[in-house]
Amino acid sequence: MKLSEMLIRKLEFASSTETSQTVKPSPSGLHTNWAWRPLRPNQVNHSTSESLALLQVGLRLNYPIWQLLTFLSERLLNIETIITPSITNVEEAFDSRRRQYHSTRIIVILENHPNLSRLDRKLGVTCLDLYNPGRDGHGFIFGEARSPGPSGVVSTFRLTSSQPSLFNSRVKKEVVHELGHMLGLEHCADSQCVMHQSEIASDIDTKSDDYCNRCRRNMGKFGS
Ligand SMILES: [Zn+2]
Ligand SMILES: [Zn+2]
């Protein structure tokens, strides 16, 4: 079983309505805990930790989302990331004239979804083409996030490359970038910082996949 499947199953258990934990005496008289209880999404190991849901948005995704788990754990402190089941129907965010999806409408769908309500933060990853009136000078956006806030979305649609490694690296950088906004960061003047603004895909290739020291300090408990 892949790690991603394990995490999804863990969440499905955690989403069940069972709330009581049964403790029965064993024949020997010792008390044995008979009920295995998985970690709940909002039940984290450290009191300062927050939960982050990563999930596919839309019917398909051209990126293996589980690859982000280790990557994010190496870049952020006090965030427990899990992969949750996909949200496939986001047609209410579709603009038939532009043939694109309104990013803020997708964010609202994430924020209102009952499966995600117990998680501190949620970040959708989609291969749908996103736009946002007033913010898409090039006719599209790579992603959007509440800043600071609980939710965001990243699109892989404009990140594709003939080189798979380049595509992979662009997706990771954009996910870390939008997550930085969710944690309160603004765009950074340091051209090597992942929070540096990128207008087109080739802009993403020139920056690193991590936060600069100044951005790390500004993230507080998540950065240092
Ligand atoms: Zn940005
Ligand atoms: Zn920075």
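**A loop residue and its surroundings**

Biologist: Is Ile-141 buried or exposed?

Modeller: Bearing in mind that this is a predicted model, Ile-141 counts as buried, because it has 21 C-beta neighbours inside 10 Å, and the cut-off for that label is 20 or more.

Biologist: Where is Ile-141 placed?

Modeller: Ile-141 sits in the loop between E8 and E9.

Biologist: And what is Ile-141 in contact with, leaving aside its neighbours within four places in sequence?

Modeller: With those neighbours set aside, Ile-141 is in contact with Ser-103, Leu-130, Tyr-131, Asn-132, Arg-135 and Asp-136. As for Ser-198, which is 57 residues apart from Ile-141 along the chain, the two C-alpha atoms are separated by 9.7 Å.

Biologist: E8 came up there, so which strands form a sheet with E8, and in what order?

Modeller: The open sheet has three strands in the order E5-E6-E8, and the pairing is mixed. Strand E5 (94-95) and strand E8 (130-131) are at the edges with a single partner strand each, so one side of each is left without a neighbour in the sheet.

Biologist: How many bridges join E5 and E6?

Modeller: Two bridges, with E5 and strand E6 (residues 100-102) pairing in the antiparallel sense, and Asp-95 stands opposite Gln-100 in E6.

Biologist: What lies across E6 and E8?

Modeller: That is helix H3 (residues 103-112), which runs at about 55° to E6.

Biologist: Changing topic to H4, how far apart are its end C-alpha atoms?

Modeller: They are 27 Å apart, which agrees with the 27 Å that the 19 residues of helix H4 (residues 164-182) should span at 1.5 Å a residue.

Biologist: What do the buried residues of H4 pack against?

Modeller: Those residues, including Val-171, Val-175, Leu-179 and Met-182, pack against helix H2 (67-75), strand E7 (121-126), strand E9 (143-145), strand E10 (151-155), helix H5 (201-205) and helix H6 (213-218). Leaving aside neighbours within four places in sequence, Val-175 itself is in contact with Leu-68, Leu-123, Val-125 and Val-154.

Biologist: Last one: which residues touch the most other members of the largest nonpolar core?

Modeller: Of the 43 residues in that core, they are Leu-54, Ile-106, Leu-123, Val-125, Val-175, Met-195 and Cys-215. Strand E3 (50-57), H3, E7, E8, E10 and H4 each supply at least two residues of this core.

Terms used
Residues are numbered from 1 along each chain as its sequence is written. Chains are lettered from A and ligands numbered from 1 in the order in which they are written. This is a predicted model: local features need pLDDT of at least 70, side-chain atom pairs count only at pLDDT 80 or more; totals for chains, interfaces and linings use all residues. Two strands pair if DSSP finds at least two bridges between them. Helices (H or I, at least four residues) and strands (E, at least two) are DSSP runs, numbered from the N terminus. Two residues are in contact if their C-beta atoms, placed from the backbone, lie within 7 Å. Axes are lines fitted to C-alpha atoms, for helices over the stretch in contact, and angles run from 0 to 180 degrees between N-to-C directions. The expected span of a helix is 1.5 Å times one less than its number of residues. A residue is buried if 20 or more other C-beta atoms lie within 10 Å of its own, exposed if 12 or fewer, and partly exposed in between; C-beta atoms are placed from the backbone. A nonpolar core is a set of buried Ala, Val, Leu, Ile, Met, Phe, Trp, Tyr and Cys residues joined through C-beta atoms within 7 Å.
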